[in-house]
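Subject: Structure handover

Hello,

Here is the structure you asked for, with the sequence. My notes on it follow below.

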Amino acid sequence: MAENLPPVPPLFFRKARMTDLPALLQLTRECVASMRAAGNPQWDDSYPNAEVISKDIAAQTLEVLCDGSHAENAAAPLIGCITVDRFMHPLWAGLDWRFPPDSAAAVHRLMISPSHRGQGLAKLAMAYAEALATTWGCRSMRLDCFCQNKPGHALYPGLGYRFSGIAIMRVGEYSGFEKALE
(Lines give C-alpha, C1' and ligand atoms only; values in the text may rest on other atoms or scores of the structure.)
Protein backbone atom coordinates (compact mmCIF):
# COMPACT_ATOMS: atom_id res chain seq x y z
CA MET A 1 0.00 0.00 0.00
CA ALA A 2 2.98 2.35 0.37
CA GLU A 3 2.80 3.09 -3.37
CA ASN A 4 -0.56 4.81 -2.76
CA LEU A 5 0.87 7.28 -0.26
CA PRO A 6 1.61 10.83 -1.37
CA PRO A 7 5.30 11.58 -1.84
CA VAL A 8 7.11 12.79 1.26
CA PRO A 9 9.03 16.02 0.63
CA PRO A 10 12.60 16.42 1.84
CA LEU A 11 12.24 16.73 5.59
CA PHE A 12 14.47 17.85 8.41
CA PHE A 13 14.31 18.25 12.17
CA ARG A 14 15.60 21.23 14.11
CA LYS A 15 15.25 22.71 17.58
CA ALA A 16 12.14 24.82 17.95
CA ARG A 17 12.61 28.56 18.36
CA MET A 18 10.34 31.08 20.10
CA THR A 19 9.55 32.50 16.66
CA ASP A 20 7.93 29.12 15.90
CA LEU A 21 5.37 29.55 18.68
CA PRO A 22 2.52 30.86 16.47
CA ALA A 23 2.99 28.01 13.99
CA LEU A 24 3.21 25.48 16.83
CA LEU A 25 0.00 26.79 18.38
CA GLN A 26 -1.72 26.53 14.99
CA LEU A 27 -0.43 22.95 14.64
CA THR A 28 -1.79 22.22 18.12
CA ARG A 29 -5.23 23.62 17.22
CA GLU A 30 -5.31 21.49 14.06
CA CYS A 31 -4.32 18.36 15.98
CA VAL A 32 -6.87 19.03 18.74
CA ALA A 33 -9.64 19.47 16.16
CA SER A 34 -8.63 16.25 14.41
CA MET A 35 -8.47 14.33 17.70
CA ARG A 36 -11.87 15.65 18.77
CA ALA A 37 -13.38 14.65 15.41
CA ALA A 38 -12.05 11.13 15.99
CA GLY A 39 -13.62 10.96 19.46
CA ASN A 40 -10.36 11.46 21.34
CA PRO A 41 -10.74 14.12 24.10
CA GLN A 42 -7.09 13.85 25.20
CA TRP A 43 -6.15 17.44 24.30
CA ASP A 44 -8.24 20.58 24.47
CA ASP A 45 -8.00 24.37 24.71
CA SER A 46 -6.06 24.15 27.97
CA TYR A 47 -3.46 21.49 27.04
CA PRO A 48 -1.09 21.67 25.36
CA ASN A 49 -0.99 25.44 25.55
CA ALA A 50 1.40 28.32 24.84
CA GLU A 51 2.98 28.03 28.29
CA VAL A 52 3.75 24.32 27.92
CA ILE A 53 5.10 24.73 24.39
CA SER A 54 7.14 27.81 25.40
CA LYS A 55 8.71 25.85 28.25
CA ASP A 56 9.66 23.05 25.83
CA ILE A 57 11.24 25.61 23.50
CA ALA A 58 13.13 27.33 26.33
CA ALA A 59 14.41 23.97 27.58
CA GLN A 60 15.48 23.10 24.01
CA THR A 61 13.56 19.83 24.16
CA LEU A 62 11.09 20.55 21.36
CA GLU A 63 12.11 19.34 17.91
CA VAL A 64 10.17 20.54 14.89
CA LEU A 65 9.71 18.57 11.67
CA CYS A 66 9.99 20.87 8.66
CA ASP A 67 9.21 20.56 4.98
CA GLY A 68 12.63 21.08 3.39
CA SER A 69 11.37 21.26 -0.18
CA HIS A 70 11.39 25.04 0.11
CA ALA A 71 14.45 26.85 -1.21
CA GLU A 72 14.87 28.73 2.06
CA ASN A 73 15.08 26.24 4.95
CA ALA A 74 14.69 29.07 7.45
CA ALA A 75 11.14 29.57 6.14
CA ALA A 76 10.33 25.86 5.83
CA PRO A 77 6.81 25.14 7.07
CA LEU A 78 6.41 23.14 10.28
CA ILE A 79 4.52 19.90 9.70
CA GLY A 80 5.09 18.24 13.05
CA CYS A 81 6.91 18.31 16.35
CA ILE A 82 8.00 16.11 19.21
CA THR A 83 9.31 16.82 22.70
CA VAL A 84 12.16 14.59 23.83
CA ASP A 85 13.52 15.02 27.33
CA ARG A 86 14.44 13.21 30.54
CA PHE A 87 11.25 14.16 32.45
CA MET A 88 9.56 11.12 33.95
CA HIS A 89 6.03 12.10 34.95
CA PRO A 90 5.48 11.37 38.67
CA LEU A 91 2.26 9.51 37.78
CA TRP A 92 4.38 7.01 35.85
CA ALA A 93 6.03 5.84 39.09
CA GLY A 94 3.83 2.77 39.56
CA LEU A 95 4.24 1.42 36.03
CA ASP A 96 6.23 -1.70 35.18
CA TRP A 97 9.35 -0.17 33.65
CA ARG A 98 12.24 -2.46 32.71
CA PHE A 99 14.95 0.21 32.87
CA PRO A 100 15.72 2.65 35.69
CA PRO A 101 14.48 6.22 35.18
CA ASP A 102 17.99 7.68 35.13
CA SER A 103 18.75 5.66 31.98
CA ALA A 104 15.56 6.61 30.14
CA ALA A 105 14.43 9.43 27.88
CA ALA A 106 10.80 10.36 27.37
CA VAL A 107 8.59 11.47 24.50
CA HIS A 108 5.81 14.01 25.01
CA ARG A 109 3.43 15.84 22.70
CA LEU A 110 4.08 14.17 19.35
CA MET A 111 2.11 16.10 16.72
CA ILE A 112 1.87 15.62 12.96
CA SER A 113 -0.25 18.01 10.92
CA PRO A 114 -3.51 16.30 9.95
CA SER A 115 -2.80 17.31 6.34
CA HIS A 116 0.43 15.27 6.42
CA ARG A 117 -0.82 12.11 8.12
CA GLY A 118 -0.57 8.73 6.46
CA GLN A 119 2.99 9.34 5.26
CA GLY A 120 4.83 7.60 8.09
CA LEU A 121 5.88 10.88 9.71
CA ALA A 122 4.98 9.81 13.26
CA LYS A 123 7.27 6.80 12.80
CA LEU A 124 9.95 9.11 11.45
CA ALA A 125 9.58 11.42 14.46
CA MET A 126 9.81 8.49 16.86
CA ALA A 127 12.93 7.16 15.11
CA TYR A 128 14.46 10.62 15.40
CA ALA A 129 13.57 10.81 19.11
CA GLU A 130 15.08 7.38 19.74
CA ALA A 131 18.29 8.30 17.90
CA LEU A 132 18.52 11.53 19.90
CA ALA A 133 18.05 9.66 23.19
CA THR A 134 20.73 7.18 22.16
CA THR A 135 23.22 10.05 21.71
CA TRP A 136 22.45 11.02 25.32
CA GLY A 137 23.42 7.51 26.45
CA CYS A 138 19.85 6.48 27.29
CA ARG A 139 19.00 2.78 27.38
CA SER A 140 15.24 3.16 26.96
CA MET A 141 12.51 5.46 25.74
CA ARG A 142 9.28 5.97 27.70
CA LEU A 143 5.98 7.60 26.87
CA ASP A 144 2.34 7.60 27.74
CA CYS A 145 -0.59 7.34 25.36
CA PHE A 146 -4.19 8.22 26.16
CA CYS A 147 -6.20 5.00 26.12
CA GLN A 148 -8.72 6.46 23.64
CA ASN A 149 -5.91 7.38 21.22
CA LYS A 150 -6.37 4.49 18.76
CA PRO A 151 -3.65 5.58 16.30
CA GLY A 152 -1.13 5.82 19.14
CA HIS A 153 -2.08 2.40 20.44
CA ALA A 154 -1.41 1.00 16.98
CA LEU A 155 1.80 2.98 16.44
CA TYR A 156 3.83 2.33 19.58
CA PRO A 157 3.57 -1.49 19.83
CA GLY A 158 4.30 -1.61 16.09
CA LEU A 159 7.55 0.25 16.77
CA GLY A 160 8.60 -2.25 19.44
CA TYR A 161 7.23 -0.49 22.53
CA ARG A 162 6.14 -2.69 25.42
CA PHE A 163 3.02 -1.91 27.44
CA SER A 164 4.06 -0.98 31.00
CA GLY A 165 0.72 -0.38 32.70
CA ILE A 166 -1.96 2.26 33.17
CA ALA A 167 -1.51 5.68 34.77
CA ILE A 168 -4.42 7.96 35.67
CA MET A 169 -3.61 11.43 34.44
CA ARG A 170 -5.30 14.68 33.42
CA VAL A 171 -8.34 13.35 31.53
CA GLY A 172 -8.31 9.64 32.28
CA GLU A 173 -6.33 6.50 31.69
CA TYR A 174 -3.01 6.51 29.85
CA SER A 175 -1.01 3.48 28.77
CA GLY A 176 2.67 3.58 29.56
CA PHE A 177 5.01 2.26 26.90
CA GLU A 178 8.76 1.59 26.98
CA LYS A 179 11.29 0.50 24.38
CA ALA A 180 14.86 -0.66 24.86
CA LEU A 181 17.26 1.40 22.75
CA GLU A 182 20.17 -0.15 20.90
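The expected span of a helix is taken as 1.5 Å times one less than its number of residues. Helix H1, residues 21–37, has 17 residues and spans 24 Å from its first C-alpha to its last, close to the 24 Å expected. Please keep in mind that this is a predicted model. The mean pLDDT of the chain is 91, with 92% of its residues at 70 or more. Among the elements, strand S1 (residues 11–15) has the lowest confidence, at a mean of 92, and H2 the highest, at 98.

Back to H1. Its buried residues are Leu21, Leu24, Leu27, Thr28, Cys31, Val32 and Met35. They lie on the same side of H1 because they cover an arc of only 135° around the axis. Pro22 and Ala37, on the other side of H1, are exposed. What do the buried residues of H1 pack against? Their partners are helix H2 (50–58) and strands S2 (62–67), S3 (78–85) and S4 (104–112). Just after H1, Gly39 has a positive phi of about 85°.

The sheet is open and has 7 strands, in the order S1-S2-S3-S4-S5-S7-S6, with mixed pairing. S1 and strand S6 (162–169) are at the edges with a single partner strand each, so one side of each has no neighbour in the sheet. From one strand to the next, the twist averages 30°. The S1 and S2 pairing is antiparallel, over 5 bridges; Phe12 has Cys66 in S2 as its bridge partner.

Two further helices lie across strands. Helix H3 (residues 121–135) runs at about 155° to S4, and helix H4 (residues 150–158) runs at about 160° to S5.

Regards

How values were computed
Residues numbered from 1 in each chain as written. Predicted model: local features only at pLDDT ≥ 70, side-chain atom pairs only at ≥ 80, totals over all residues. Heavy atoms only, no water. Helix = DSSP H or I, 4+ residues; strand = E, 2+ residues; numbered from the N terminus. Buried < 20%, exposed > 50% of the residue type's maximum accessible area, 1.4 Å probe, protein only. Arc of directions from axis to C-beta. Contact = heavy atoms within 4.5 Å. pLDDT = per-residue confidence, 0-100. Pairing = 2+ DSSP bridges. Axes fitted to C-alpha atoms, helices over the stretch in contact; angles between N-to-C directions.
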